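Biologist: Could you show me the model and take me through it?

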Amino acid sequence: MANVLDEIIEGVREDLEARRATLPVGRLEAHLAHVAPALDVLSAFRAAPGVAVISEVKRRSPSKGHLAEIPEPAALAAAYEAGGASAISVLTEQRRFSGSLADLDAVRAAVRVPVLRKDFVVDPYQVTEARAHGADLVLLIVAGLDNVLLRDLHSQALELGMTPLVEVHAPDELDRALALDPVLVGVNARNLKTLEVDPRTVHDLLPRIPDGVVSVAESGVTGVQDVVSYVRSGADAVLVGEALVTGGRPIEAVREFIAAATAARSEQE
């Protein structure tokens, strides 16, 4: 069976080399001096009433294909913020997700909440690139990285002032993530190697994340009840993409997710 994650990363590396040839790392690093410092992500999440909602700008996916046109990602991000989103996730991978760094630039300029560069990060250049384009968070997918590179990229993100979101899908990946002493760990219901979604992965792994580490539930959210279910399993934050970009009412949807999550959290206290 083809490993979808490996195929995606192969394309990511090709596109990365093209960008690196156009903009060498030295020139990219020089741009960092002109970028505002990264926002305090954990404070933004802790300020959320029940659960932090990370709302995603996502045009397409390998599993579902086309999701939404999104001609103005800045407008969509602003709507998410108006609905109460604690952060905005922006897909920047171009081949499978039709994203771009231009989308990241547009969103960063439009909102005051933290912004996540969501991509398949496999090289230090991409971490520097994320910060140069104003990202406050950067995604690190454990399944796509060996331990040495994972630790190096995690350290680099912290040195640049960003918050790494370390994503896992299996118990052994969670063990590798926790060895980093992370502040933010995401559990993805989607197996990126097969693209199959199983919310039980989130429910099984969330309780294993230690207190003090902010946990994020990712994928498998089709509506309010999924958000509530993740909160009841211990999620501090929920990342939602498809359900928001296809629903046509981003402000109201984010508000509904937050209200339901707040009620669920209150029931537990």
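Modeller: The discussion below turns to a strand and its neighbours, and then to a cavity.

Modeller: This is a predicted model, in which local features need pLDDT of at least 70 and side-chain atom pairs count only at pLDDT 80 or more, while totals for chains, interfaces and linings use all residues. Residues are numbered from 1 along each chain as its sequence is written, and side-chain values use heavy atoms, without hydrogens and water.

Biologist: Are the residues of strand 5 buried or exposed?

Modeller: Val 115 and Arg 117 on one side, and Leu 116 and Lys 118 on the other, are all buried, meaning under 20% relative accessible area with a 1.4 Å probe and protein chains only. Strands here are DSSP runs of E with at least two residues, and helices are H or I runs of at least four, numbered from the N terminus.

Biologist: In which sense do strand 4 and strand 5 pair?

Modeller: Strand 4 (residues 87–91) pairs with strand 5 in the parallel sense, over four bridges; pairing requires at least two DSSP bridges. Leu 91 stands opposite Lys 118 of strand 5.

Biologist: And which residue is the bridge partner of Leu 116 in strand 6?

Modeller: That partner is Leu 137. Strands 5 and 6 are also parallel, with two bridges.

Biologist: Changing topic, which residues line the largest cavity?

Modeller: Among them are Leu 5, Phe 120 and Ile 141. The lining has seven nonpolar residues, one polar and no charged; Gly counts as polar, Ala, Val, Leu, Ile, Met, Phe, Trp, Tyr, Cys and Pro as nonpolar, and Asp, Glu, Lys and Arg as charged. A cavity is a set of points on a 1 Å grid over the protein atoms alone where a 1.4 Å probe fits but cannot get out, and lining residues have an atom within 4 Å of a point.

Note on methods
1 Å grid on protein atoms, 1.4 Å probe; cavity = no way out; pocket = protein on both sides within 12 Å on 5 of 7 lines; lining within 4 Å. Buried < 20%, exposed > 50% of the residue type's maximum accessible area, 1.4 Å probe, protein only.
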